[in-house]
Amino acid sequence: MSACPGCDCRTPLNFGIKMAFQPIVDASQKNVFAYEALVRGENGEGAGEVLGRVTEETKYTFDQSCRVKAIETASRIELPSKLSINFMPNAIYEPETCLAKTLSTARKTGFDKKNIIFEVTEQEKVVSQDFLVDVFEAYRKEGFMTAIDDFGAGHSGLNLLSDFQPDIIKIDMKLIRDIDSNKVNQVLVKGILDIAEQLGIRIIAEGIETENEFKYLQDAGVSLMQGYFFQKPMLEAIQPVVFR
């Protein structure tokens, strides 16, 4: 095991963060499948501003703090579904050790770890894909679900799928935008849907903003969706989703 400089995964720092929650809906069942936890500042500042304060020296403890805050807040507001948490693979130096705080927080709050999804963006630059696969395998071994976010935005997604098949693929919003009229995006998304079906991977279409996008994806057989069309993220709160 290699140590990370200045890092102690057991003692997250106080980064002054809060969590906003955006629903991932199951449109076919008309219910909420999960809520994604999105980092915000103490006064609701956006993720970009918060992430801009993270340095190479603090990314380890920032990643841990986000996980702890997400689980604690989800438990406090009595989240009624699964919880999706973004993680930074480059902030992990040894998967099992860096999961210790996550597991202890889930036990302390009574939040079932089987309802936690860990997602990593395809665009995340990782030192080693083999290491990322090891991280995913460790998470799966502990009973967490795994997801690749922003799939189709970068160039590493298919290579990663050849080594590890996550539970979920989230299609990048750039491929979803105007999909009802964009023929190229239709072909690309159809290819992703075909791959996912053959590999037994669930699909989430993210970034849905219009009724036309929603209807096209629904007709294409996509049931899990996320975006402003359903609901914007809410700071430390959730409210019922109105299905149309």
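I started with Glu-137, which counts as partly exposed because its relative accessibility is 39%. My cut-offs here: buried is under 20% relative accessible area, exposed is over 50%, and partly exposed is in between (1.4 Å probe, protein chains only). Glu-137 sits in helix H5; helices (H or I, at least four residues) and strands (E, at least two) are DSSP runs, numbered from the N terminus.

This is a predicted model, so I kept to its thresholds: local features need pLDDT of at least 70, side-chain atom pairs count only at pLDDT 80 or more, and totals for chains, interfaces and linings use all residues. Residues are numbered from 1 along each chain as its sequence is written, and side-chain values use heavy atoms, with hydrogens and water left out.

**Negative patch.** I found Glu-137 gathered with Glu-96, Asp-130, Asp-134 and Asp-163 in a surface patch of negative charge. Patch residues have over 30% relative accessible area and no salt bridge, with like charges joined within 9 Å. Asp and Glu count as negative, placed at CG of Asp or CD of Glu. Helix H5 (residues 129-141) gives the largest share, 3 residues.

**Salt bridges.** I counted 13, taking a side-chain nitrogen of Lys or Arg within 4 Å of a carboxyl oxygen of Asp or Glu. Lys-170 and Glu-119 meet in one of them, at 3.4 Å, N to O. Lys-170 is in strand E6 (residues 168-171) and Glu-119 in strand E4 (residues 116-121), so this pair ties together parts 51 residues apart in sequence. Buried or exposed? I checked Lys-170 and Glu-119, and both are buried. Lys-170 and Glu-119 also belong to a salt-bridge network with Glu-36 and Glu-206.

**Arg-177.** I then noted its salt bridge with Glu-209, closest N and O atoms 3.6 Å apart. That pair links distant parts of the chain, 32 residues apart: Arg-177 in the loop between helix H7 (173-176) and helix H8 (183-199), Glu-209 in the loop between strand E7 (202-206) and helix H9 (211-219). Arg-177 is partly exposed at 23% relative accessibility, and Glu-209 is partly exposed at 44%. Arg-177 also bridges to Glu-213, at 3.2 Å between the closest N and O atoms. Glu-213 lies in helix H9, so this pair ties together parts 36 residues apart in sequence. Glu-213 counts as buried, at 1% relative accessibility.

**Whole chain.** I got 9 helices and 9 strands. The radius of gyration is 18 Å, close to the 18 Å the globule rule gives for 244 residues, so the chain is as compact as a globular protein of that length. I took the radius over C-alpha atoms, and the rule is 2.2 Å times the number of residues to the power 0.38. Of the 244 residues, 49% count as buried.

Technical notes:
Patches are made of residues with over 30% relative accessible area and no salt bridge: like charges are joined within 9 Å, nonpolar side chains (Val, Leu, Ile, Met, Phe, Trp, Tyr) within 5 Å. Accessible areas come from the Shrake-Rupley method with a 1.4 Å probe; for residues, only the protein chains shown count as cover.
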